[in-house]
Amino acid sequence: MGHTKHNTIVRALFNDDDVVLDAVKDLRSSGYHVSEVYSPFPIHGLDEAMGLDRTRLSTAAFFYGLAGLFFASWLTYYTMTADWPQNIGGKPNAYWFLNMPSFVPVMFELTVFFAAHLMCWSYFAVNKLYPGAKAQNPDPRTTDDHFLMEVELEGEETDLTKKLQELGALEISKVEA
Amino acid sequence: MFEFKTKTKQLAIALTVVGVILWVVGFALNGSSSHDAGHGHDTHAEESHEAYPGEAHAAMIESTYNDDANAEHDAHHEESHEAHSGEPHAAHSEHDAHAEHTAHQIANRPWSAIYVAAIFFLGLGLGQLFFLGIQYVAQAGWSAGILRLMEAQSFAIVIPLIVIAIIAFLGFGHVHHMFHWMVEGIHIKGHENYDALIAGKRAFLNPIFFTIRILIYIVGWVWAAKLLRKYSLLSDAGDGAAMWKKNRGIAAAFTVFYAVTSSTSAWDLIMSIDTHWFSTLFGWYTFAGMFVSSFAALILLTLYMKGQGHMEWINENHLHDLGKFMFAFSVFWTYLWFSQFVLIWYANIPEEVTYYMQRFEQYKVPFFTMLSLNFILPVLAVLSRPAKRVSGTVVMAAIFVLVGHYMDHYVMIMPGTVGDHFGFGLLEIGPILFFTGLYIYVVLSSVAKAPLKHKNHPMLTESNNFHQ
């Protein structure tokens, strides 16, 4: 999730998730904007501490599932009833609804299939992950055992640097975004 | 510490008394109206009764395959009736047998009505007893703050169990005819009531073994509830970790015991009503229904306690988890319901499919209403995360689930006992009020007996800080 504002970003490297979480809370309460945190694993409560909006992926998943349900209904209707009525075990094939119980497994599976796959692709798309995508994390150590935080610089640079050091940052660097 | 106020107590007692009165009035009216059973003679021919596979099968073919074959319908009926009268079953003249059968069904209704309510309220306690055991076995931390409510709910199994046992044992004295297999001489070859299929089940369904099993359930379940409560109370005074360990052992043993008895009790108490019918997953199906309705009751109880200004350590995170459990198990119930239904529907074997035919034909409204109450409405109400964290939507879903599972038990028990002479009147409302009153009384008075929070539970901190 990138940031579009053209201002200076200060990067601070940490080596403990609890320290990062506390630092984010501290910085936000003193008026700084933490634009991004890179972490090797999800940190519980970090999204809330950073003030991120709740994901809309679950709402999307509901509609993906619904789409799967309708697709499966259409598929079973077309293949089993409309195009070439199938008589399996003497079950009624004149109306889709009469034979609906035997299509429930298909409807269930396709609901799950659509929800899971489309949710996964949506996630990749939103996060700009695709084959050949360039890594977005500024420091490869964030894929191992370090945590990197990006803070937008406001006010004096030395104040922020001092604060970050107090909060337990190991390395601090500055980039123009 | 929660105080069971006199006013609430009076309300609970009033509900119980009113329930008894309504039932007695209903019983008297039911008795007086049973002599106009004449109308039963005509309707009975339409009934797809359990014991007649041929007839039922014919009707199944008609009802599902060609809707406009009504002319054929009658022909089929006559035919299968003829065939049926040739069987040893019709030692009486057919007319007398029908009249007696109808009278039995009408006379069964008061007993079945109590029985449905008793099974439903048994589930509210039994589900939480099992869930309480799970908390210890799984070393769950989030729930440490509401264990006392589960303990209180587990005690509510005692009264329904006694009522169920009494009704079941009254069947041996032929006070009612809810259990077809209890009919005299049904297993004796050459007896006028002889039924080969039921005779084949005699090894399991006989009075002595049945009585022993019922007693085992009562003793085992009540004992487990008592022990879990005992060590939980002891932990307040002493070593929390040691008492927790003891409870864990008890809970582990109980879980295994319950794994077996939840199935067998469902066969004994409910499935044996439709004696000819059988389903291998009936035990889990019944268990799932009991489990989900007990979550609904726990949610209402928890929110009641919070509404009274207690349990400030329980917040929307705990409610979220309870809501998740209720949601998950209402889906689980549907899964089992469907698994049982679809195989029987697809295979269409006469002795299995009669069970659903009767429900489709005679119990259409309660049958489909309970399906939507138990699945579609709870799913839509508490599917999203925010909905599970607000008491309004969760309470709404809990009420859907409670009403739905009462109807579910109704549809499980009534068709086999009263056939098409079912209804919802004084006889049904009475027992519901009776058990509601007693349930409130038992649960709230045992909640009031101990502090609402464990003092020395080893995972109390986890429960207090629980968030998601």
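Analyst: H12(B) and H14(B) are roughly antiparallel to each other, because their angle falls in the class over 145 degrees. This is a predicted model, where local features need pLDDT of at least 70, side-chain atom pairs count only at pLDDT 80 or more, and totals for chains, interfaces and linings use all residues. Residues are numbered from 1 along each chain as its sequence is written, with chains lettered from A and ligands numbered from 1 in the order written.

User: What angle do H12(B) and H14(B) pack at, and how far apart are their axes?

Analyst: About 150 degrees, with the axes 9 Å apart. Axes are lines fitted to C-alpha atoms, for helices over the stretch in contact, and angles run from 0 to 180 degrees between N-to-C directions.

User: Which residues of H14(B) make the contact?

Analyst: B:Asn374, B:Phe375, B:Pro378, B:Val379 and B:Val382. Contact means C-beta atoms, placed from the backbone, within 7 Å. On the H12(B) side, B:Met326, B:Phe327 and B:Trp333 are among them.

User: New topic. How many residues of chain B are in contact with chain A?

Analyst: Eight, against seven residues of chain A. H12(B) gives the most to that side of chain B, with four residues.

User: And H13(B), which residues there are buried?

Analyst: B:Val353, B:Thr354, B:Tyr355, B:Met357 and B:Gln358. Buried means 20 or more other C-beta atoms within 10 Å of the residue's own, exposed 12 or fewer, and partly exposed in between, with C-beta atoms placed from the backbone.

Methods: Helix = DSSP H or I, 4+ residues; strand = E, 2+ residues; numbered from the N terminus. Contact = placed C-beta atoms within 7 Å. Parallel < 35°, antiparallel > 145°, perpendicular 65-115°, else oblique.
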